[in-house]
Amino acid sequence: MDETMKEKIEILADYIMHRCLWQFHSRAWDRERQNAQILGVAKQLLLGEEPDLSTPELKCYWLDGFHLAKGFRQRFDWVNQMSKEELATLMDGLKERVDYLTIHGSLNKELTVAAY
Amino acid sequence: MPYHTFKCSECIPERAMHAVVKGPGEDLTSCLPLGYLNTIPGTISERGCAFCGAKHVIGAPMKDVIHLCHGPVGCTYDTWHTKRYISDNDNNQLKYAWATDVKEKNVVFGAEKLLKKTIIDTFKAQPHLKRMTIYQTCATALIGDDMDAVAREVMEELGDVDIFVCNAPGFGGPSQSGGHHKINIAWVDQKVGTKEPKIESDYVINYVGDYNIQGDAEIMCDYFHRMGIQVLSTFTGNSTFDELATMHRAHLNVLECARSAEYICNELRVRYGIPRLDIDGFGFDLLNESLMKVAMFFGLEEKAQKIIDEENARWRPELDWYARRLKGKRICLWPGGSKLWHWAHVIEEEMGVKVVSVYSKFGHQGDFEKGVARCSEGALAIDDPNELEALEAMEELKPDIILTGMRPGEVAKKIRIPYLNIHAYHNGPYKGYEGWVRLARDLYNAIYSPMYQLAAIDISKDEIPLERGFRSRRMISDVTLSPEEANVEGEHPYTGEYDNVTRLRTKVYPELEAQRAKHQEAAEEVLVPAK
Ligand code: SF4
């Protein structure tokens, strides 16, 4: 991954950290699910694909994913200039970065507590 | 690691990892204080106990309930419903606090008989109330009173009452947060699913983690009702016992304070499949997005957009008037829990202030993750500070105002720093668009208070400026503004009413009425099937 792509990922991760709450559910397994679902929906929307809204749970992920994709397009015009391949690389890298910040690199000792 | 050591705590090495400064380039993998750990002996922590967290924060806002503490009267006194969680039934829950008044002899011989007698006496004293919560405290937990058995006995004997048992004694966790946890789980275990609601709309939510401080929850419910959404319960502000027992029938849980109430949302998701949506009810931009998210779940985007347009047009000019005058002011954001993250960024964005420190006495590391992520560079994040550390922080950071609760607030006053009560509020509600302007107004009034300017003068050594007379707030705040900036067309101070909540209680909501009529019709068709 080139440096500009890394910088772009950092900008989007920073946007998520300042604005969103969904990535901070209390346990590691919740965060894995939240990150995968919501960033997955955002990626689908940016690539022009239709997300699955067939259950209330999926619909709820879509709410956050939709606003994330919308925010990216509105605030960072360079997102609108990217090709589908670039967008896919960007969103995969972003998922990896958010997973690292909130799960794998997290200093939060409660993430692995077995019960809520 | 960006840990910060307070000079006053150098002698307590265990405090070493409880404060961090968010330096350049720091992120959550390098900058996070410890949190929600057992209190370190000798630090003189100011935390509340787990019983306080269960009763004072979460249980007591329920409005048609007798709140009875089973323990020494001191525990009751410490949780004397002083948090201004108002309700639309004449504030029943604020007026009465009940206790079994356990004494030494009960500790020796047991207090179950006393508990049973007090429950019955209390129901007799308030015969119009048929719901009760009994709260365990340290003493009665240690002597092993079986509150569940007593509650079952009384319910059987009286027949028409319902009692919720909250086993969260003071020692049930490092801080009040342990009590939040216990009461969440106890409620979902004991009461959720025991009552069935009347469904009156196609769109049904629980609004969770709002305690209706000065009307916060009522403000948010106004927005939901305007869209035609039925709010089954607000957990727990201004809600009834029975409404909260029907939480299992909502389509969506809209969660505000994740610190105190995420547990019940997680349980409702796992047990009943109700999705959890975390929102921000504070700040124009975040609230716009939050309302739109809730609306989109039900396909009500147009209705939400109408509300967003109306509210922004009405209140934005007033917010901007204050933001112009608050720009650059340094604030310590020292709340209990959720405002740490709800406000950390948006208050800077929309009011122009600078958050120089965030703290929580009972927050978990998860709360600090949100707070540290949202606050800007240079902020000092502190877990469970004691009074000396807070004083040292104020002396070092030189904030213009402290946003906190009453106890630390009064300490700040003594060193001539104004404080705003963001636990029970000064002149809230602070939620919603108008509430955000009310917060800006209170910040402005406190920072530019002429009294504070006078109080800062030390008459034993400072020169008294005799040549100038009394200076009003406006004279002080506008001194750095150009005439154009001071008089932007359309911008002006707050023009709302003193009480912006009471009128909502009789307001008619056409969208909700239409939903009600539709559901009523459908119910009648079921009763009388068409031939
Ligand atoms: S710590 Fe125990 S004794 Fe003290 S107020 Fe809390 S419940 Fe009562």
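Predicted model: local features only at pLDDT ≥ 70, side-chain atom pairs only at ≥ 80, totals over all residues.

Visitor: Why is P169(B) called buried?

Guide: Buried means under 20% relative accessible area. P169(B) has 9%, so P169(B) counts as buried. P169(B) sits in the loop between β5 (162-166) and α8 (176-190) of chain B.

Visitor: Which residues does P169(B) touch, leaving out those up to four places away in sequence?

Guide: P169(B) touches A50(B), F51(B), Q136(B), T137(B), C138(B) and A141(B). E392(B) is 223 residues from P169(B) along the chain, and their C-alpha atoms are 33 Å apart.

Visitor: What makes D278(B) buried?

Guide: The cut-off is under 20%. D278(B) is at 10%, so D278(B) counts as buried. This residue belongs to strand β9 (residues 276-278) of chain B.

Visitor: What makes the link between the side chains of D278(B) and R276(B) a polar contact?

Guide: A polar contact needs a pair of N or O atoms within 3.5 Å. Here the distance is 2.7 Å. Leaving out residues up to four places away in sequence, D278(B) also touches L21(A), H25(A), L255(B) and A258(B).

Visitor: Why are N91(B) and R416(B) called partly exposed?

Guide: Partly exposed runs between the limits of under 20% for buried and over 50% for exposed. N91(B) has 23% relative accessibility, so N91(B) is partly exposed. R416(B) has 46%, so R416(B) is partly exposed too.

Visitor: Where are the cis peptide bonds to look at?

Guide: Most peptide bonds are trans. The bond joining F235(B) and T236(B) is cis, with omega about 0 degrees. T236(B) is in strand β7 (residues 230-236) of chain B. The bond from G428(B) to P429(B) is cis as well, with omega near 0 degrees. P429(B) lies in the loop between β14 (419-421) and α19 (432-447) of chain B.

Visitor: How do you know that the span of helix α5 (residues 84-104) of chain A agrees with its number of residues?

Guide: The 21 residues should span 30 Å at 1.5 Å a residue. The end C-alpha atoms are 28 Å apart, which agrees.

Visitor: What do the buried residues of α5(A) pack against?

Guide: They pack against α1 (3-19), α2 (28-46), α3 (56-75) and α4 (77-81) of chain A, together with α16 (365-374) of chain B. Buried residues in α5(A) include L87(A), A88(A) and L90(A).

Visitor: What makes α16(B) mostly covered?

Guide: In α16(B), 10 of its 10 residues are buried. This helix lies across β11 (354-360) and β12 (380-383) of chain B, at about 170 degrees to β12(B).

Visitor: What makes β1 (19-21) and β14 of chain B edge strands?

Guide: Six strands form an open, mixed sheet in the order β1-β12-β11-β10-β13-β14 (chain B). β1 and β14 each pair on one side only. Neighbouring strands are turned by 15 degrees against each other on average, direction ignored.

Visitor: How do you know that β10 (residues 330-333) and β13 (residues 401-404) of chain B pair?

Guide: Pairing needs at least two bridges. These strands have three, in the parallel sense. In β13(B), I401(B) is the bridge partner of I331(B).

Conventions. Residues numbered from 1 in each chain as written. Chains lettered and ligands numbered in written order. Heavy atoms only, no water. Helix = DSSP H or I, 4+ residues; strand = E, 2+ residues; numbered from the N terminus. Buried < 20%, exposed > 50% of the residue type's maximum accessible area, 1.4 Å probe, protein only. Contact = heavy atoms within 4.5 Å. Expected span 1.5 Å × (residues − 1). Polar contact = N/O pair within 3.5 Å; in protein donor to acceptor, adjacent residues only side chain to side chain. Axes fitted to C-alpha atoms, helices over the stretch in contact; angles between N-to-C directions.
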